Amino acid sequence: MTINTLARGGGNREQMTCFRKMEKVIVAMQDPDMGMKMRNQRLLITVIPHAMTGCDIIDWLIHKYTIGEDEALHVGAMLVRYGYIYPLKEPRALLLRPDDSPYRFQTPYFWTSTRWPATELDYAIYLAKKNIRKQGELMEYEKERYSVLHKRINHTWDFVVMQAREQLRASKQRRKADRIVLECQEQAYWLINRPPPGVRNVLDVGLERPSSFSSRVALNQNSDYYKREIETCRRALGRNRVKSSVCLESFVKYSEQYHNHDPIMQGCLPSNPWISDDPAHWTMNAEVVAMPTRLRVECWSFSFMELLSDVMGRREFMTYLEKEFSAENLCFWQACEDVRHGESSRIVEKVEEIYKNFLAPGAPRWVNIDSKTMDKTLEGIRRPHRFVMDDAQLHIYFLMKKDSYPRYLKSELYKNLLAKALVPQETKKSVFPFMRRQRHASPSPAQASNHEEDGHARGAGPAGDNSAAHSSV
């Protein structure tokens, strides 16, 4: 089970003192010397270790706190109702039965006072796991909540099913007794945080109920506060959500597209400069070169931002736009980038220069911007800042991306450059291009002299045989 631990509850919470007192009782019950004596309890044919019966709980409370049987039954029932003790025989109802029914202590991770938020994602994983394990035999209210969660978090449902199957696969590797204990623990947790219909929620008057002071403060908020809340909710409703399967498909497509251009996966051409000490790779892929490599030119067709992020790509695209008489769009985009990432002391000067060259009526390099964006930009120019041109820059960016960029990829200028681009040849073939090459130690002078003598001996052997043959003749 996955519990989100990021959003810890903060602020004033009621009945926290009551929870602390119950936890002190639980700690005392688990004391190895003065606490309850734990023993194995049989549940059908399965032996559950470290368990106790309902009678043991009531008897210990009577002797420990010197109270009557009715009061001990009430205290024990409260410990079960708040999830500090959970039943093993009938885990669907958090009730304390004064008989031989087996019970166990809840792990402190699931205690109510820890204030872990029970998110819808965790509850959906729990229901999906239960639905798979019991082959659809959920309770009626669980089926309704399962269908509601399926509609509400449909964009992450693939993750929910995958997580449920992984948890079930991991649980199959445990012993049967451990599986039963974990299932009862988790079911007790969700019976408290997601109680069945008609069952009183113990948290309504506990952790999740705000204090009267916080309620009074919320009612005294002005209209601006509620307007901001409404706007926040409206933006949340309009936020696009994508299924995890769609995201994974896009990641796969991205990896396949960049696979041949990844130097780690395919190796550097002509050689890895970190291994071979050959700077040819850096020289060929410098910011400005006479002729770029083919892999570099191919990357420009992957996305418009790949083209603009490359100095050579921008220069070639500028050449094309000059022929199309629309180079002012790229110049305006570059000027806005200079304002956004340039020196703070020159922002006012650069904004005025952009206005005179691109936005003013009759400007020498006037750019085509819609009236709404123009009015918003002119309003921001009165108080210049680093991001004052963002709306106008984004408008020109999409204009080039949708119009000029596709035509550039189909132009003869790009096709000729792609045909003439360099294709460096690999100097050394290696299965793993990032592995170090083997370094061989140089032989000692004594070994070198021995090798020379052996070489002379091998060379003199055939010569001596030849001379002996001639003398015999």
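## Helix 18 and helix 19

A crossing of two helices is called left-handed if the near helix is turned anticlockwise from the far one by less than a right angle, and right-handed if the turn is clockwise. In this predicted model, helix 18 passes helix 19 in a crossing of the left-handed kind. The residues that make the contact are Val351, Tyr355 and Leu359 on the side of helix 18, and Met374, Thr377, Leu378 and Ile381 on the side of helix 19. Sorted by class, this contact has 6 nonpolar residues and 1 polar residue, with no charged residues.

In general, a pair of packed helices is described by two quantities, the angle between the axes and the distance between them. For helix 18 (residues 347-359) and helix 19 (residues 371-381), the angle is about 150° and the axes lie 11 Å apart. Because angles over 145 degrees count as roughly antiparallel, helix 18 and helix 19 are therefore roughly antiparallel to each other.

## Helix 4 and helix 5

Helix 4, which covers residues 120-133, packs against helix 5, which covers residues 140-152, at an angle of about 125° and with 10 Å between the axes. The two helices are therefore oblique to each other, and helix 4 passes helix 5 in a left-handed crossing.

From helix 4, the residues Glu120, Tyr123, Ala124, Tyr126, Leu127, Ala128, Lys130 and Asn131 take part in the contact, and they meet Glu142, Arg145, Tyr146, Leu149 and Arg152 of helix 5. The composition by class is 7 nonpolar, 1 polar and 5 charged residues.

## Helix 16 and helix 17

The axes of helix 16 (residues 311-323) and helix 17 (residues 327-341) come within 7 Å of each other, and the angle at which they cross is roughly 145°. Helix 16 brings Arg314, Phe317, Met318, Leu321 and Glu322 to the contact, while helix 17 brings Ala327, Leu330, Cys331, Trp333 and Gln334. These residues divide into 7 nonpolar, 1 polar and 2 charged.

## The largest pocket

The largest pocket holds about 700 Å³ of space. It is lined by 29 residues, of which His261, His281, Asn285, Thr293 and Leu295 are the closest to the centre of the pocket. By class, the lining of this pocket comprises 14 nonpolar, 9 polar and 6 charged residues.

Several helices take part in the lining: helix 11 (263-266), helix 12 (273-276), helix 13 (280-284) and helix 14 (294-299) supply at least two residues each. The helix that gives the most to the lining of the largest pocket is helix 14, with 4 residues.

With a threshold of 30 Å³ or more, the structure holds 1 cavity. The space in the largest cavity amounts to about 50 Å³, and the residues that line the largest cavity are Pro87, Leu88, Lys89, Glu90, Ala93, Leu95, Arg97, Ser101, Pro102 and Tyr103. The classes in this lining are 6 nonpolar, 1 polar and 3 charged residues.

## Backbone details

Most residues other than glycine have a negative phi, and most peptide bonds are trans. Against that background, two places in the backbone may be inspected.

The peptide bond that joins leucine 269 and proline 270 is cis, with omega of about 5°. Proline 270 of this pair is placed in the loop between helix 11 and helix 12, and each of those two helices supplies at least two residues of the lining of the largest pocket.

Histidine 50, a residue other than glycine, has a positive phi, with a value near 55°. Histidine 50 has its place in strand 2, which covers residues 46-53.

Conventions: Residues are numbered from 1 along each chain as its sequence is written. This is a predicted model: local features need pLDDT of at least 70, side-chain atom pairs count only at pLDDT 80 or more; totals for chains, interfaces and linings use all residues. Side-chain values use heavy atoms; hydrogens and water are left out. Axes are lines fitted to C-alpha atoms, for helices over the stretch in contact, and angles run from 0 to 180 degrees between N-to-C directions. Angles under 35 degrees count as roughly parallel, over 145 as roughly antiparallel, 65 to 115 as roughly perpendicular and the rest as oblique. Contact means heavy atoms within 4.5 Å. Ala, Val, Leu, Ile, Met, Phe, Trp, Tyr, Cys and Pro count as nonpolar, Asp, Glu, Lys and Arg as charged, and the others, Gly among them, as polar. On a 1 Å grid over the protein atoms alone, a cavity is a set of points where a 1.4 Å probe fits but cannot get out, and a pocket is an open set with protein on both sides within 12 Å along at least five of seven lines; lining residues have an atom within 4 Å of a point. Grid points are joined across faces, edges and corners, and a volume is the space filled by probe spheres set on the points.
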